[in-house]
Amino acid sequence: MIGRTFPCVKSEVTPERAVGSRPTATPWALRGASTSRRRALLGAGLATAAALGGAALGAAPASAAGITARRPSTPEEALSTLAAGNRRWRAYRERHPDESPAVRQSLTSGQHPFAVVLGCIDSRVPPELVFDQGLGDLITVRSAGEVLDEAVLGSVAYGVLELGIPLVVVLGHQSCGAVRAAVEADLSGERLPAHIQYLADQIRPNIDRGKEGDARIDATIDANIRAVRSRLAAEPDLAAKIGSGGLAVVGARYELTTQAVHRIV
C-alpha cells in the first residue's frame with residue numbers, strides 16, 4: 001500500500017541519485033561503456049532521431065540512443081522516489097540529478113518520466129525542486145489552484161497513456177493565492193478580473209464553508225486537492241489503469257513553512 005505521507009513511504013527501491021546519475025541498483029546500460037562506444041551510441045541515436053523527425057504521438061517511450069533508462073515502474077516505487085527527493089530538499093541536501101551532459105544528450109531521442117505532477121503555478125512550488133528531480137524525470141502540468149480544463153486533462157492523460165507513467169500527483173500547497181481569491185470572491189460576491197473568474201468558479205464548489213477566516217482557506221486547499229484528485233481518478237482511461245494496478249492518482253500538499261510534502265486523503 002502506498003503510504004499516507006511522502007516522508008514515511010518505504011520501498012525496496014531507494015533512488016538516492018547523485019548529480020547526473022542513476023542509482024547503482026538501476027544503472028543505465030550506457031554506464032561502463034568505453035568513450036568511443038558512448039560516442040557511437042549517441043551519434044547513432046541522434047541520427048535516427050533526425051531521420052524520423054521525432055517520435056510519433058502514439059509511440060511507446062523510446063530508449064535514448066541505445067540506453068535502457070531504468071526508472072520506477074510501479075506507483076509505489078514512483079512515490080518512494082519522490083519521497084526520497086523531498087527529504088533531500090527539506091534537509092538542504094539536494095542532488096539535482098539527471099543534469100549531466102551525458103543525460104542531456106541522451107534525452108534528445110527519448111524520455112522516460114516516472115511521474116506526472118499536476119501543481120499550482122505558484123513560483124514557490126516548482127515540482128522538480130521540491131522533489132529534487134532532474135531532466136526527463138517528471139511531466140509537470142501547472143495551473144492556478146490545480147484547476148482542470150481540457151488542456152490540463154489532455155496533458156495528464158498524455159503522460160499516463162502515451163508515456164506509460166505509473167503515478168499522478170495532484171500537488172496543492174499552503175497559502176494558495178488562487179484558493180484565497182476564490183474564497184474571498186465567494187464571500188464578497190465581487191467578480192474577479194478577466195479569466196481569473198474562471199479559476200474561482202472552478203474552485204468555488206470545493207470551498208469549506210464550515211470554517212471561517214484563514215481556516216476556511218486552509219481547509220479549502222485540502223478540499224480542492226481531493227476534488228481534483230477524484231475527478232482525475234474518475235476519468236475512464238485513467239480509471240482503467242488504476243483498476244489494473246498500473247496507476248495511482250494521489251493528492252498531496254506542500255507546506256511552505258517546512259518544505260515537506262504530505263499526502264491528502
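User: How many of the residues in the protein chain are buried, as a percentage?

Analyst: Buried residues account for 45% of the 265 residues in the protein chain. Please keep in mind that this is a predicted model. The protein chain exposes about 12700 Å², of which carbon and sulfur atoms supply 54%.

User: Which elements make up the protein chain, and in what order do they run?

Analyst: The protein chain has nine helices and five strands. Read from the N terminus, the elements follow the pattern α-α-α-β-α-β-α-β-α-α-α-α-β-β. Among contacts between residues at least 6 apart in sequence, 77% join residues at least 24 apart.

User: In what order do the strands form the sheet, and which strands stand at the edges?

Analyst: The five strands form an open sheet in the order E2-E1-E3-E4-E5, with mixed pairing. E2 and E5 stand at the edges; each has a single partner strand, so one side of each lacks a neighbour in the sheet. From one strand to the next, the twist averages 30°.

User: What does mixed pairing look like in individual strand pairs?

Analyst: Two pairs illustrate the idea. E1 and E3 pair in the parallel sense over four bridges, and valine 117 has valine 169 in E3 as its bridge partner. Strand E4 (residues 248-254) and strand E5 (residues 261-264), by contrast, run antiparallel and are joined by four bridges. In that pair, alanine 252 stands opposite arginine 263 in E5. E4 and E5 form a hairpin with six residues between them, and glutamine 259 in the turn has a positive phi of about 65°.

User: How should I read a nonpolar core, and which residues of the largest one touch the most other members?

Analyst: The general idea is that nonpolar side chains in soluble globular proteins tend to be buried together. In this structure, the largest nonpolar core has 34 residues, and Val168 and Leu232 touch the most other members. Elements giving two or more residues to this core include strand E1 (115-119), strand E3 (167-173) and helix H8 (213-234). H8 gives the most, with six residues. Another core, of 19 residues, lies apart from the largest one; among its members are Trp89, Val169, Leu171 and Tyr254.

User: With which residues is valine 168 in contact, beyond its neighbours within four places in sequence?

Analyst: The contacts of valine 168 are Val116, Val156, Val160, Leu232, Leu247, Ala248, Val249 and Val250.

User: Is asparagine 86 buried or exposed?

Analyst: A residue counts as buried when its relative accessible area is under 20%. Asparagine 86, which lies in helix H2 (residues 75-90), has 0% relative accessibility and therefore counts as buried.

User: Which backbone atoms does the side chain of asparagine 86 reach?

Analyst: A polar atom of the side chain of asparagine 86 lies 3.0 Å from the backbone oxygen of glutamine 259. The side chain of asparagine 86 also reaches the backbone nitrogen of valine 261 at 3.0 Å. Recall that glutamine 259 is in the turn of the hairpin formed by E4 and E5. Beyond its neighbours within four places in sequence, asparagine 86 is in contact with Val130, Phe131, Tyr254, Gln259, Ala260 and Val261.

Methods: Residues are numbered from 1 along each chain as its sequence is written. This is a predicted model: local features need pLDDT of at least 70, side-chain atom pairs count only at pLDDT 80 or more; totals for chains, interfaces and linings use all residues. Side-chain values use heavy atoms; hydrogens and water are left out. Buried means under 20% relative accessible area, exposed over 50%, partly exposed in between (1.4 Å probe, protein chains only). Contact means heavy atoms within 4.5 Å. Accessible areas come from the Shrake-Rupley method with a 1.4 Å probe; for residues, only the protein chains shown count as cover. A polar contact is a pair of N or O atoms within 3.5 Å; within protein, one must be able to donate a hydrogen and the other to accept it, and residues adjacent in sequence count only if both atoms are side-chain atoms. Two strands pair if DSSP finds at least two bridges between them. A nonpolar core is a set of buried Ala, Val, Leu, Ile, Met, Phe, Trp, Tyr and Cys residues joined through side-chain atoms within 4.5 Å. Axes are lines fitted to C-alpha atoms, for helices over the stretch in contact, and angles run from 0 to 180 degrees between N-to-C directions.
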